[in-house]
Amino acid sequence: MPARRKTADDSRWICIEGAREHNLRDISVRIPRDKLVVVTGVSGSGKSTLAFDILFSEGQRRFLDSLNAYARQFVEQMPRPDVDAVHGLPPTVSIEQRISRGGGKSTVATVTEIHHFIRLLFTKLGIIHCPDCEVPVQAQTLDSLTGALRQQFRERGPLRLLAPRIRNRKGFHTDVGEWAARQGYALVRADGKFLPTDQPLRLDRFREHDVEVFVGSINSSLAKSQESLIRETLAHGQGTLFAVDKSGRETVHATSNACGGCGRSFAPLDPKDFSYNSPRGWCPTCRGFGETFDMPEIDRGEAQEAVEETWFEWLEDQREICPDCNGARLNPLARSVRLPIMVPAKVDFEAEPTIDAFAQSTVAEADALFSKLKWSGRGAEIARDILPEIKSRLNFLSEVGLGYLQLGRSVPTLSGGEAQRIRLASQLGSNLSGVLYVLDEPTIGLHTRDNHQLLD
């Protein structure tokens with residue numbers, strides 16, 4: 001397309017000159033910017049060609065051309081549309097019905113990012129309840145933790161004590177091995193494998209890793225020296241240690257999160273503890289799908305999750321609700337964390353909900369709750385930046401007529417119109433400006449009263 005200088009009209013109009021793509025015959029048109037523009041016409045008149053094959057494709061092509069050569073090699077290059085010129089075109093986003101289907105683990109809350117913000121609230125403010133005893137965990141003294149390890153030694157034999165240094169973080173993490181070597185520790189455990197500290201730690205930079213330092217072993221009844229070893233491990237692990245026996249079984253011991261009933265300890269919460277896509281959070285029976293289905297037990301390495309998604313889609317008629325999580329998708333620990341909130345009298349919601357309670361609530365119910373929620377002190381500081389993000393997305397879903405949907409509703413079960421409006425909510429919830437959104441019949445399947453909500 002011919003190079004030209006930008007003009008004042010480029011900020012007010014998108015100008016298409018001589019479009020000949022598909023069944024368009026040398027069409028020129030001016031489209032106002034910052035407006036809702038509807039393209040209408042009979043079937044075959046070129047509506048989709050104009051909207052998607054010219055406006056969207058050319059906007060995407062220009063964005064990709066702005067990337068450096070290294071980045072462009074990883075994306076598919078888009079062809080130039082058959083048109084003389086397009087002026088004043090901003091970055092484009094396409095929201096089509098036919099590509100709105102999500103994966104088996106996608107829900108209304110995850111696609112709109114509501115779940116991401118809710119799990120942040122649970123990570124920072126949630127109170128762990130023991131999945132077995134159903135009582136809130138509490139701090140324990142060093143003496144009680146030492147007593148628990150003494151009992152573990154009697155039952156399991158010698159124990160290796162590990163101090164967690166890295167949890168679910170990407171990077172090389174060579175500094176951890178170097179630090180351990182300077183402290184006089186001979187081994188670290190990276191992603192379950194023990195490695196010597198006299199050699200550089202070589203981890204995949206773009207994968208998430210867990211790294212612990214092997215501080216020492218408990219090989220006999222606990223004496224004063226063993227107590228100092230436990231104290232040392234806790235200091236390096238910020239109040240948490242892992243005890244591993246010869247069989248590889250691992251238990252967590254912490255000074256901050258311990259059950260007063262059974263004595264079980266829990267590591268500090270992490271957002272991945274509430275993720276359907278992480279082994280730390282998903283239900284081990286259904287692996288985050290909420291439904292079980294028969295699939296050959298074969299280790300497929302990094303392709304495992306992609307293969308599971310394919311089988312999930314193939315076996316649509318043979319899937320059953322997971323008997324362990326009852327469709328909640330999360331493991332017992334994630335389902336036992338409760339969020340202490342002050343529930344307004346007019347809102348029908350439990351006082352200390354689990355994250356699954358939010359998944360089972362509708363958009364309208366959650367919107368009514370979050371619009372009235374308040375915390376004080378530290379909770380108010382944490383919630384200050386999170387609540388507006390949740391409320392804005394819930395409000396938009398209600399405005400486009402989707403207040404009846406459950407937040408935990410699986411995306412593949414949505415209709416084309418519902419899924420498209422869900423994607424629209426996720427895009428507009430990102431608060432981008434200066435973007436051209438190309439929508440494919442966004443009002444399809446809507447009642448007339450809902451059309452007005454969507455237009456507003």
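This is a predicted model: local features need pLDDT of at least 70, side-chain atom pairs count only at pLDDT 80 or more; totals for chains, interfaces and linings use all residues.
**Entry 1: pair count.** I looked up the aromatic pairs and counted 9. I started with Phe194 and Phe214. Their ring centres are 6.4 Å apart and their planes stand at 85°, so I logged the pair as edge-to-face. The cut-off for that label is over 60 degrees. I then checked where the two residues sit. Phe194 is in strand β7 (residues 193-196) and Phe214 in strand β8 (residues 208-218).

Entry 2: Is Phe214 buried or exposed? I found a relative accessible area of 16%, so Phe214 is buried. Phe194 comes out at 29%, so I noted this residue as partly exposed.

**Entry 3: Phe293 and Phe312.** I looked up this pair next. The centres are 5.7 Å apart, with 70° between the planes, and the pair is edge-to-face. Phe293 lies in the loop between β11 (291-292) and α8 (304-314). Phe312 lies in helix α8. The pair therefore ties together parts that are 19 residues apart in sequence. Phe293 has 16% relative accessibility and counts as buried. Phe312 has 5% and also counts as buried.

**Entry 4: charges over rings.** Which residue lies over the face of Phe312? I found Arg319 there, at 3.8 Å from the ring centre. I also found Arg165 over the face of Trp179, at 4.1 Å from the ring centre.

**Entry 5: cluster.** Last, I looked for a grouping of rings. Phe122, Phe274, Phe358 and Phe370 form one aromatic cluster.

Notes:
Residues are numbered from 1 along each chain as its sequence is written. Side-chain values use heavy atoms; hydrogens and water are left out. Rings of Phe, Tyr and Trp (its six-membered ring) pair if their centres lie within 6.5 Å; planes under 30 degrees apart count as stacked, over 60 as edge-to-face and the rest as tilted. Helices (H or I, at least four residues) and strands (E, at least two) are DSSP runs, numbered from the N terminus. Buried means under 20% relative accessible area, exposed over 50%, partly exposed in between (1.4 Å probe, protein chains only). A charge sits over a ring if NZ of Lys or CZ of Arg is within 6 Å of the ring centre and within 35 degrees of the ring normal.
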